[in-house]
Amino acid sequence: MAAGVMLAATIAVVPASAAAQPGPSADRPDRAELRAALTAVPEAGVPGVLTEVREGRHDWRGAAGQAYLTKPRPMQPQMRHRIGSITKTFVATTVLQLVDEGRLGLDDPIGRWLPDTVPGERGDQVTVRMLLNHTSGIGNYTNAMIDSYASINQMQVTTYAPADLVATGLAMPPTGAPGATFSYSNTNYVLAGLLIEAVTGNDAPAEVQRRILRPLKLTGTSSPGTDPTIRGPHSGAYFAPFGARDLSEFNMSWGWTAGEMISTMADLNTFFRALLDGDLLSPATLKQMLDGVPMLPGLPEAGTYGLGIYSLPTPCGEFVGHDGAVFGHLTYSLHRRDGTRQVSSGINISHYQVGLPDPHPFDIAWQTFLLTAMCPTSDVSSRSAEAVPQLPSVTRMPGNDAPVAAP
């Protein structure tokens with residue numbers, strides 16, 4: 001969803017021996033290589049895929065396949081796309097700007113700011129930092145909300161109040177002691193939105209707009225609120241168990257500051273480059289943002305989650321970013337830590353993995369493209385399907401690993 005949901009059970013670690021050496025065109029994307037890898041995504045059965053790749057001063061935008069299953073309309077790289085939990089990076093950046101301004105502290109207990117929402121011992125023990133790095137131990141409300149196909153139909157047309165989403169998460173069993181371990185929870189980021197409102201007195205999405213979208217001129221990016229429509233050119237959104245039914249019209253209040261945003265691939269790259277270049281946060285605060293906790297405590301080398309952003313190993317070094325999953329749209333936005341190499345990409349189908357224990361051909365093709373875009377001089381694109389490292393998705397929704405109950 002805009003609020004993705006479960007940490008993937010395993011993350012394949014790329015061996016150090018696979019590290020790529022710089023190629024002769026290190027400042028320019030290999031467009032033929034990218035085009036071939038992108039074309040393979042719809043050839044694997046994905047309806048449509050869109051992307052923007054940036055290398056230094058150069059960029060390449062591409063799309064392949066169809067925007068809709070029921071009418072012939074090609075996917076276009078500039079289309080707007082629901083970005084799911086990549087919303088969290090925008091929201092975390094807004095919270096961290098308030099930290100830079102001295103208006104709150106990362107180690108403030110959230111009960112200081114939200115005493116009626118999170119009262120008592122939990123409000124005293126959970127800090128702002130724990131919300132942002134998912135170590136709060138607070139349950140993930142979407143795990144309780146999404147329990148059947150009928151619940152998805154209900155969510156599509158229902159307006160949810162943020163306080164009600166939080167109440168659902170707080171009523172769930174704790175996933176651990178505050179600060180103890182990583183456990184991905186959309187409740188954390190709805191609380192982060194309420195925190196922004198408590199500190200500023202303004203609507204949280206409006207603060208994101210004022211502080212980030214407007215200064216960076218991200219005109220294709222928005223928080224739709226209760227408006228179910230993606231305004232501007234966009235594709236359909238296909239939740240695989242529902243077949244050709246288009247879910248692009250969806251009331252995303254159930255995601256709010258955990259995952260409601262719409263964007264373009266170009267806007268995502270612009271945002272992350274500005275973030276990593278230090279244009280949005282002080283150096284000290286950006287360092288804290290990137291300082292992560294292991295996403296899999298037993299496998300710390302697999303990747304870490306910072307404050308609204310994660311870090312992954314690849315064949316050509318460390319990349320940071322986030323992914324997002326909603327009903328029918330999936331997105332990755334991944335960036336070399338110095339911001340010099342970037343790839344943002346989306347597809348218009350989700351939940352095709354339901355009930356399957358092995359990597360799906362869609363994932364193999366799409367992640368081969370992503371790795372080709374991140375590491376164009378490596379041999380990623382020529383590897384066998386079995387050898388393609390699977391990128392983690394911290395925003396996998398209930399139903400990706402097991403079927404959701406039929407209505």
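Is Cys375 buried or exposed, and at what relative accessibility? Cys375 counts as buried, because its relative accessibility is 1%. Buried means under 20% relative accessible area, exposed over 50%, and partly exposed in between (1.4 Å probe, protein chains only).

## Basis of the model

This is a predicted model: local features need pLDDT of at least 70, side-chain atom pairs count only at pLDDT 80 or more, and totals for chains, interfaces and linings use all residues. Residues are numbered from 1 along each chain as its sequence is written, and side-chain values use heavy atoms, with hydrogens and water left out.

Helices (H or I, at least four residues) and strands (E, at least two) are DSSP runs, numbered from the N terminus.

## The disulfide

The structure holds 1 disulfide (a pair of cysteine sulfur atoms within 2.5 Å). Cys316 and Cys375 form it, with their sulfur atoms 2.1 Å apart. The pair links distant parts of the chain, 59 residues apart. Cys316 sits in the loop between strand E8 (310-314) and strand E9 (317-326). Cys375 sits in the segment after helix H14 (361-374). The S-S torsion is about -75°, so the disulfide is left-handed.

## The sheet

An open sheet of 8 strands runs in the order E2-E1-E11-E10-E9-E8-E7-E6, with antiparallel pairing. Two strands pair if DSSP finds at least two bridges between them. Strand E2 (58-65) and strand E6 (293-294) stand at the edges. Each has a single partner strand, so one side of each is left without a neighbour in the sheet.

Strand E7 (residues 304-305) runs antiparallel to E8, joined to it by 2 bridges. Thr304 has Ser311 in E8 as its bridge partner.

Helix H12 (residues 265-276) has 12 residues. H12 is mostly covered, with 11 of its 12 residues buried. Gly278 follows H12 and has a positive phi, near 85°.

Helix H13 (residues 283-290) buries Thr285, Leu286, Met289 and Leu290. Seen down the helix axis, these residues fall within an arc of 135°, so they line one face of H13. That arc is taken from the directions from the helix axis to the C-beta atoms. An α-helix has 3.6 residues a turn, so residues three or four places apart point the same way. On the other side of H13, Pro283, Ala284 and Lys287 are exposed. The cover over the buried residues of H13 includes helix H2 (87-100), H12 and E9; contact here means heavy atoms within 4.5 Å.

## Salt bridges

Side chains of opposite charge can pair when their charged atoms come close. The whole structure has 11 salt bridges (a side-chain nitrogen of Lys or Arg within 4 Å of a carboxyl oxygen of Asp or Glu). Arg54 pairs with Glu52 at 2.6 Å between the closest N and O atoms, and both residues are buried. Arg341 and Glu55 also meet in a salt bridge, 2.6 Å from N to O. Arg341 lies in strand E11 (residues 341-347) and Glu55 in strand E1 (residues 48-55), so the pair ties together parts 286 residues apart in sequence. Arg341 is buried at 1% relative accessibility, and Glu55 is buried at 6%.

Asp107 forms a salt bridge with Arg129, the closest N and O atoms being 3.1 Å apart. Asp107 is exposed, with a relative accessible area of 52%, whereas Arg129 counts as partly exposed at 23%. A network of salt bridges links Glu101, Arg103, Glu207, Arg210 and Arg211.

Conventions: The expected span of a helix is 1.5 Å times one less than its number of residues.
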